[in-house]
Amino acid sequence: MKLKKIIAAVAATAVAVSTLALSAFAATVTLDSEYTGDWSSSTPISKADLQAIGGDVKVVLEIETYDPFGLADQFLIAPMDYDNSWTRVTDQLTSDTVVAKTDGFIGINKNATSVEFVIPAATIDSLGDSGLAFQVQKVIIKSAELTAGTPEAAISALAEDEVKAYCFADDISGYGANAGAADTTADAPAADTAETTSTATGNTSAAVILSVMAVAGVAAVATKKRK
């Protein structure tokens, strides 16, 4: 096989393996297409789906506020262990953006289309098999995107009236973790893309390992052809 063909094969293999490596540490779970009712439960994200990511998991919920008659006085969701008496686990989560009442209900702004938080591996392991569900009030939880995560800020607790104001605010920058948040984007160091490490496993990704092995093989073939 000519060297050009070998290099082309290596490149194709690296792309394919990279795709597999990414899919192993990310998943999107479809939940509810319609409102399930006041103070009802959403469809759960199964414990198996959460554990498949490995370690702490970043959860990004796709949501929609539900107020067809303009009568809602607040929009809320409460993360909970579905199998164990709907026990709320809000105080075990971290998020740079979420605000919640002291009873564990997370406030949802009227314009929100997503909610993001990180659930620790220990909390995931403590869930029943049905996994993580959400008690909802005037919110539809459409899907959940799951990826490997790292701890964020402690969730900001607000008083009842503050959360109600947050739900209908046109500007939420003055609430909780959103208050006075500095923009550090310009100061962030450039990402090192030479090698990726799985947050979930702490091991070098399969894509990197196999790519290195393939390149080594090309080098060996090229050396043999020169002898």
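Predicted model: local features only at pLDDT ≥ 70, side-chain atom pairs only at ≥ 80, totals over all residues.

Me: What does lysine 58 pair with?

Reply: Lysine 58 meets glutamate 116, at 3.5 Å from N to O. Lysine 58 is in strand E3 (residues 57-65) and glutamate 116 in strand E8, so the bridge ties together parts 58 residues apart in sequence. Strands here are DSSP runs of E, at least two residues, and helices are runs of H or I, at least four, numbered from the N terminus.

Me: Is lysine 58 buried or exposed?

Reply: Buried, with a relative accessible area of 17%. Glutamate 116 is partly exposed at 32%. Buried means under 20% relative accessible area, exposed over 50%, and partly exposed in between, with a 1.4 Å probe and protein chains only.

Me: And which residue does lysine 142 bridge to?

Reply: Glutamate 64, with the closest N and O atoms 3.0 Å apart. Lysine 142 sits in strand E10 (residues 139-148) and glutamate 64 in strand E3, so this pair links parts 78 residues apart in sequence.

Me: What about lysine 101?

Reply: Lysine 101 forms a salt bridge with aspartate 103, 3.5 Å from N to O. Lysine 101 is buried at 8% relative accessibility. Aspartate 103 is partly exposed, at 32%. As for networks, shared partners join Lys58, Glu116 and Glu152 into one.

Me: New topic. Which residues of helix H4 are buried?

Reply: In H4 (residues 160-168), they are Val163, Tyr166 and Cys167. They span an arc of only 100° around the axis, which puts them on the same side of H4. That arc is taken from the directions from the helix axis to the C-beta atoms.

Me: What do they pack against?

Reply: E4, strand E6 (99-101), E7 and strand E11 (156-158). Contact means heavy atoms within 4.5 Å.

Me: Last one. Where is tryptophan 39?

Reply: In the loop between strand E1 (26-30) and strand E2 (40-41). Its phi is positive, about 60°, although tryptophan 39 is not a glycine. Tryptophan 86 also has a positive phi, near 60°, and lies in the loop between strand E4 (76-81) and strand E5 (87-88).

Technical notes
Residues numbered from 1 in each chain as written. Heavy atoms only, no water. Salt bridge = Lys/Arg side-chain N within 4 Å of Asp/Glu carboxyl O.
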